[in-house]
Amino acid sequence: MASGGREGSVMKKTVAVIMALALIVGAAACSERAEAPSGTTAPKGGPSPAVPEGRNKTIKVGFSQTGAESVWRVANTESVKNALSEKNGYELIYDDAQQKPENQIRAIRNFIQQKVDYIVLAPLVETGWDSVLDEARRAAIPVIVVDRMVRVADNDLYTAYVGSNFLKEGQTAVAWLEAALEKHGRDKRTVHIVNIQGTIGSSAQIGRTAALEAGIRSHPNWELTAQESGDFIKPKAYEVMSRILKKTRDVDVVYCENDSEAFGAIKALEEAGLKCGILNGGVIVISFDATSEGLSECLSGKISLNVECNPLQGPHVARIIRDLSEGKSVEKISYLEETWFDCFTITYETIEKRAY
Ligand code: AHR
C-alpha cells in the first residue's frame, strides 16, 4: 500500500507536469495563430481571423454590394453568393446598398459589430472609404475589394482586390474604333462621339471614360459631341440620349459604358429615326459587359463592339479567403481575363455558351 501511495503521488506529479506542458504548448500554438505569418497580406495592427482547421469552422463573411443596377451586377452577386454558400462552409451576410455609399459604410460597421471573419466590398465609388476601412483594420478583419477599386491613403487598409482593368477595357474599345473607322472609310471626316458614362466616380466609369478621352486627344478628327452619365441603367441612358438627339442628330459613335446603357441609347436612337450599326453605315454603338443580351444586340448588328467585363468573381474571392485562412500570401491586385466581341465575328454559339 505504502509503495502504492508513492506510485500514486509520482503519478499525480507526472499528470500535473503533462498538463502544465500541454497548457504551455497550447498557449504557444494559440499565439502563433494570432499573428499573421510573415509574407501574408493579413491586416496590420491586429491578429488575423480565426483559422478554420480542416474546414470545420464556418467562415463568417459580410458582403456589401452596390445594388442591382444591371444584369452584370446580378450575375456578380450570384457568383459571390454561390461561392460563399453554406454548403461551401460559409455564413454569408449580404447587404444591398441600393446605390448609396452611405449604406455601404453602415453595412461595413454592422459587419464589424457582428464580428465577421472577412468583409467583401464592391464599392460604388472609389473614394470615401478611409475611416470605415480603418475601423475594419482595427477590428482585425481583412477586407477583400471586388469589381471596382477603392482609392485610399494607405493601401494596407484592404487586403486584396479582384476585378477588372477598366482602363484596359476602354483602350481595347478605342483601338477597335480606330481600326473599324479606317476599314469602313469613315476615318477622314469628323467623327462625332457621344459618351454615356457610368456612375460618376466609380472605377468602371473612370477607366472607360479616361481611355475614350485619351483616344479623342490623339485623333484630331474625333470630336466629343456630348458626355453625360447614364448611371449604368437603361432608363437614364434613354433619357440622356433622347435629350442629346434633340440638340443634334450628327452622331457617328455612341460609347456606352455598359450594356444597360447601350439598350437605352439604341431605343432613343431608333425612336429618333437613326439606324444603329457599322454594318449598315449607321451609328456605331460601343458597349461594355458582353452579357448574353448585349451579345444578342451584337449579333443583330445594333451594337458594333461589346468589350467583356467579367462578373464571375466569387470563386476568386473564395480562393483568397481560403489562402488567407491557411496563412498563405495572396496577390494584392488580381485582374480577371477579359476579351471582346464585335458584330463581324460574333456567333450564336458564343452567346449560347455565355454564363451570364
Ligand atoms: O463595375 C462594373 C460595372 O458595373 C459593369 O460594367 C456594369 O454593368 C455594372 O453595373
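A polar contact here is a pair of N or O atoms within 3.5 Å; within protein, one must be able to donate a hydrogen and the other to accept it, and residues adjacent in sequence count only if both atoms are side-chain atoms. Keep in mind that this is a predicted model, where local features need pLDDT of at least 70, side-chain atom pairs count only at pLDDT 80 or more, and totals for chains, interfaces and linings use all residues. Residues are numbered from 1 along each chain as its sequence is written, and side-chain values use heavy atoms, leaving out hydrogens and water.

Start by selecting the ligand and Arg208: a polar side-chain atom of Arg208 lies 3.0 Å from a ligand oxygen. Next, click Ser70, where a polar side-chain atom is 3.0 Å from an oxygen atom of the ligand. Then try Arg148, with a side-chain N or O atom 2.8 Å from a ligand oxygen.

Now show the rest of the surroundings (residues with a heavy atom within 4 Å). Among them are Glu69, Trp72, Asp147, Phe166, Asn258 and Asp289.

Finally, colour by domain (bounds from an automatic or database domain assignment). Domain 1 (59-163 + 311-325) and domain 2 (166-309 + 341-352) each give at least three residues to the shell around the ligand.
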